[in-house]
Amino acid sequence: MLKVPEHQVAGRQAIDGKLGPLIDNSGHFYKPLQDDDERGTRELTFYHSFSSNTRIPHHIRRFFPVFHGTQLLKASDRSGLRPHLVLQDITSDHLNPSILDIKIGSRTWYLEASNDYIQNCFHRDKTTTTVSLGFRICGLQIYNESGFWKPGRKLVRNFTADDVRSVLRKFVSSNVGPEPDCCFAGSVYGGCDGILERLLELKTWFEDQTMYHFRSCSVLLLFDKESFLRGKTPFAEVKLIDFAHVVDGNGVIDHNFLGGLCSFIKFVSQVLADLKGSTMEDKI
């Protein structure tokens, strides 16, 4: 039985008769391939290339959804059978995950794209934090005991740098009010297996890899805050998603993605630094 993803925070959604991804109960995420543009073909080509590329380190592969090929399925818009990418459903192992979708890079377009696409991206990049920060939040949901805080797309699109800082604090707090407590920051962002350490691991790879340039690609952060609230130890995940605009690196470092990733790392690091500073003040 296929269904609409419950925890999708950005991108096209399979609601109101629209074309979008579906999931099953076996941990699979079905992403429809587009008929009228090259995005689906480009993403499929990337997954085939990445899956067979022996130069990809094993520890880097864990940052990418597992690719299971393609499958013909009835499309969510009732247009008939359509090929779908069959991917790992990243959220399937999480009960009520808090999720951040971060589009990385100060430029989301690529030279091979159509002029209309470039102009649309240029406008969106300039009117969001993409240009100023090197990344932007595309979507989010943050779990608390009363449910999810999931701001609408228009609100998210208008986030400022201060809003980004606030969201990163709320993401690891027991509350989503104006003064988030950041009580989970040390465990989720910090530690040898925390989000910051994994982002730094990705950064090290991007400082060297010249095979791909990841335009308009997102870093997805997720963890189970409910586990914390129940006194259990959750696990945080970092994944890269959305590869419809990946182009050949041609032996050149992807400075656009690397620069945006470094900027985002600074914002996450600042949350931990502020936490340590407030802890020190409490002891004085």
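**Close-up 1. Pairing of strand 5 with strand 9 in a predicted model.** D101 has L220 of strand 9 as its bridge partner. Strand 5 (residues 98–104) and strand 9 run antiparallel and are joined by six bridges. Strands pair if DSSP finds at least two bridges between them; strands (E, at least two residues) and helices (H or I, at least four) are DSSP runs, numbered from the N terminus. Because this is a predicted model, local features need pLDDT of at least 70 and side-chain atom pairs count only at pLDDT 80 or more, while totals for chains, interfaces and linings use all residues. Residues are numbered from 1 along each chain as its sequence is written, and side-chain values use heavy atoms, with hydrogens and water left out.

**Close-up 2. Pairing of strand 9 with strand 10.** Five bridges link strand 9 to strand 10 (residues 237–241) in the antiparallel sense. Here L222 stands opposite E237 of strand 10.

**Close-up 3. The two covered faces of strand 9.** S218, L220 and L222 on one side are buried, as are V219, L221 and F223 on the other. Buried means under 20% relative accessible area, exposed over 50%, and partly exposed in between (1.4 Å probe, protein chains only). Six of the six residues of strand 9 (residues 218–223) are buried, so this strand is largely enclosed by the rest of the structure.
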